[in-house]
Amino acid sequence: MPYIKTSQTSHLLSTLLETKSQRSGLRCAVFSASGNEYTGEWLKDKKHGKGTQVWKNSSAIYNGEWKFGKRDGFATFSVLLPETKEYARRHCGEWKNGKKHGYGMHYYKNSSVYEGEWSEGQRSGWGRMYYESGDIYEGEWLKDRNHGQGAIRFANGNWYEGSWRDDKKNGNGKFYYLDKGQIYEGLWMDGVAKCGTLSDFGRNEAPTPTKYPIPQLQLVDMQLVLSEAKADYLERINSKFPLYNTLTGTE
């Protein structure tokens, strides 16, 4: 009996050939038209599993996990240093949908280091940043900026702890001037102290204390004066920025 080739049979054969031609499983190096090189696992013609990608133009290397063609899972990302011809690690941590996402450590060109949480390629969540200057920030981040509660210790020993917004001190916070033996406690706005108290703190141990100690205030109710001044200031700020209290936690 002769074999009759139907359209349905043709479609099945075409599908079978297409499936067989797709890359699946572990493969040796595969070069793209641009010259990029990938060595690792595949699934239905997409990078999937563990593999290493080398970009021709930048000579950067991604070594880790993939999911349906995108960087996804734990991996390290390294770049080639032109001056030494050696590879330097730039990022080590989790990825999702092609972007840094989850916990990871990032090494910057200027020797600064960040360790903490990421969201869609940006520092977001809790993290610690070691700056080239020697300053160290530890606290909350949002879209690559200090935002929320956090503390920063400066290279000279001074440090601040309190609220942040858009990389600046905003809201209630304390600044310890350990070099002078003083402490400021109060309200901040865009990095500037606006309403609070400045008093001596560890003045006897300070390396460069002020010439005279801060005199005691002779007020019947110092806290009442401060609270009234703070309320007046916040009222004026809130008239311009209605969401200020919510963002800085000063309600």
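**Exercise 1.** Does D144 count as buried, partly exposed or exposed, and at what relative accessibility?

*Solution.* Let us start with what we are looking at. This is a predicted model, in which local features need pLDDT of at least 70, side-chain atom pairs count only at pLDDT 80 or more, and totals for chains, interfaces and linings use all residues. Residues are numbered from 1 along each chain as its sequence is written, and side-chain values use heavy atoms, with hydrogens and water left out.

Step 1: recall the cut-offs. Buried means under 20% relative accessible area, exposed means over 50%, and partly exposed lies in between (1.4 Å probe, protein chains only).

Step 2: apply them. D144 has a relative accessibility of 27%, so D144 counts as partly exposed.

**Exercise 2.** Find the residue whose side chain meets that of D144 in a salt bridge, and say which parts of the chain the pair ties together.

*Solution.* Step 1: think about charge. Side chains of opposite charge can pair when their charged atoms come close.

Step 1: know the rule. A salt bridge is a side-chain nitrogen of Lys or Arg within 4 Å of a carboxyl oxygen of Asp or Glu.

Step 2: find the partner. The side chain of D144 meets that of R123, at 2.9 Å from N to O.

Step 3: D144 lies in the loop between β10 and β11 (145–153), while R123 is in strand β9, so the pair ties together parts that are 21 residues apart in sequence. Here helices (H or I, at least four residues) and strands (E, at least two) are DSSP runs, numbered from the N terminus.

Step 4: check the partner's cover. R123 is buried, because its relative accessibility is 13%.

**Exercise 3.** Which residues are linked with R128 in a network of salt bridges?

*Solution.* Step 1: begin with one pair. The side chains of E138 and R128 form a salt bridge (3.1 Å, N to O). This pair links distant parts of the chain, with E138 in strand β10 and R128 in strand β9, ten residues apart.

Step 1: widen the view. E115, R128 and E138 are linked in a network of salt bridges.

Step 2: compare the cover. R128 is buried at 19% relative accessible area, whereas E138 is partly exposed at 34%.

**Exercise 4.** Where is S124, and what does S124 touch?

*Solution.* Step 1: locate the residue. S124 sits in strand β9 (residues 122–130), and S124 is buried, with a relative accessible area of 13%.

Step 1: list the contacts (heavy atoms within 4.5 Å). Not counting residues up to four places away in sequence, S124 touches Y114, E117, W118, S119, W141, L142 and K143.

Step 2: look at a distance. S124 and D144 are 20 residues apart in sequence, and their C-alpha atoms are 6.4 Å apart in space.
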